[in-house]
Amino acid sequence: MLVNIYIQKSVLIGLLLASAPVSAQVKMWTLDECVDSAWAYNKTLQIAQNNQDIAVLKNQEAKASLLPKVFLQGDYRYFTELPIQLMPQSAFGGPEGVFKEIQFGVPHNISANLGFKMPLYDPQVTGAIKTSETLQELSSLQAQKTKEQVYLEVANLYYNAQILKNTLDFLQKNLANSQRLEKNTRLLYEQTLAQRTDWDKVVLQETQLRSAITQAQSQFQSVLNALKFVIGLDSEREIDVPMDIEGAISDHGEFQKSLDHKIQEKKAALTLQELKTLQNTRIPTLALYGSYGRTGFGFTGDPQSFLNFYPVSFTGIQLNFPVFNGTITNKKIRQKRIELENQQLQKEWISAQTSMLYENAQLQLKASKTQLETAQGQIRLAESVYQRTLLQQREGLVNLTEVLLAENTLREAQQHYLSSMVDYLKADLEIKKTSGNLLK
């Protein structure tokens, strides 16, 4: 998230920019350019797109279940003992109810068949197709959610860098003021018009500012490295961001369902579809099937060896009616009904939470905008007061303590401005997100 700026009277603490001037050859990136680069090269977005492609293929896989299935079967059997059948003796003029064991057939049996099967009516297949379509829509929404999260990450890092750059600008101005003050105080000390402790206070303040700048160099580079990573640039590539921060726009678009709400709606629809599919398992299924092939019979003994093939083919309709499966289906249906109830509760909770966050963000944006305008005026006034106090100190009208107080007041005004800007940008992003207009 955006950095929090805290007011300190003696030391500016926080993340700061590198003090060295940026080379003119380093490209100045806008927020839109960073976002476009993330759309093209961010790995998380690429994974989300791949998952979306997988959902499309799963839907095509489910629809393919309605197509005929063709299969080829081959079989060879060598009977070491020929099968035995019981033949009624009445067929040969014998008494009724009396059977005789007869062993017949040939030892070599070969078959090759081309079979097919096509569902004529299968509610489970139809339910699976509808479920895969809902999953495809859910995957699309989740990809948009990932895109939204990447946008927020890029915007936060980008604004973070801009805030830090403005902080450095203020810090460099304060350092220049401290250097002038140190020079004046040293001259007064050399003329025995100021005490050594006064000079030491100014020197200490200047040292603290330089130390803060040195410490901030690595921190700012870390922010840039994180930004480059998110937008998919090589770590060796140099980038920079402008110091001017674009304020939040006044028109955030009409309030509409957020992605979180849409995703939850689609999850509830998916659970409902799964429930219907489970209920449809009690419905009979009807399929058309058939086979065409050859069966060969062979004999290798005396007095005649042979291997003859004969055609065999058939078509038919198969009806499957589930009767009892141990109450497994009933248990699954009850589970899905509870899941559906939870999905509905979750959807209501997200809707209420989004409305609350949207209203809070509007209040925060309005308050931070007023604070921002006030802080800008305070900076101008504090700068004017500090310059006049510094001039009076040169003329011996005020002492060093009053100069340091004026300088601290200026720093507080600067930090208040940056804090207001942070709140302003955070509220702007929150309004766009909760109103469903972040990616518009």
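Guide: A term to begin with: two strands pair if DSSP finds at least two bridges between them. Helices (H or I, at least four residues) and strands (E, at least two) are DSSP runs, numbered from the N terminus. This is a predicted model, in which local features need pLDDT of at least 70 and side-chain atom pairs count only at pLDDT 80 or more, while totals for chains, interfaces and linings use all residues. Residues are numbered from 1 along each chain as its sequence is written, and side-chain values use heavy atoms, with hydrogens and water left out.

Visitor: How many residues does the hairpin from S7 to S8 go through?
Guide: The hairpin joins S7 to S8 through 6 residues.

Visitor: And how many bridges join those two strands?
Guide: There are 15 bridges between S7 (residues 285-299) and S8, and the strands run antiparallel. Among the partners, phenylalanine 299 is bridged to phenylalanine 306 in S8, and glycine 290 to threonine 315.

Visitor: What sheet are they in, and in what order do the strands come?
Guide: An open sheet of 4 strands, ordered S2-S5-S7-S8, with antiparallel pairing. At the edges are S2 (69-78) and S8 (306-320), each of which pairs on one side only.

Visitor: Switching topic. How many aromatic pairs are there?
Guide: The search of the whole structure finds 6. Rings of Phe, Tyr and Trp (its six-membered ring) pair if their centres lie within 6.5 Å; planes under 30 degrees apart count as stacked, over 60 as edge-to-face and the rest as tilted. One of the pairs is phenylalanine 255 with tyrosine 358, tilted, at 4.8 Å centre to centre and 55 degrees between the planes.

Visitor: Where do those two sit in the chain?
Guide: Phenylalanine 255 is in the loop between strand S6 (239-240) and helix H5 (259-279), and tyrosine 358 is in helix H6 (residues 328-394), 103 residues apart.

Visitor: Is tyrosine 358 buried or exposed?
Guide: Tyrosine 358 counts as buried because its relative accessibility is 15%. Buried means under 20% relative accessible area, exposed over 50%, partly exposed in between (1.4 Å probe, protein chains only). Phenylalanine 255, at 42%, counts as partly exposed.

Visitor: Which residues are buried in H1?
Guide: In H1 (residues 31-41), they are Leu31, Cys34, Val35, Ser37 and Ala38. Seen down the axis of H1, they fall within an arc of 160 degrees, so they line one face of the helix. That arc is taken from the directions from the helix axis to the C-beta atoms.
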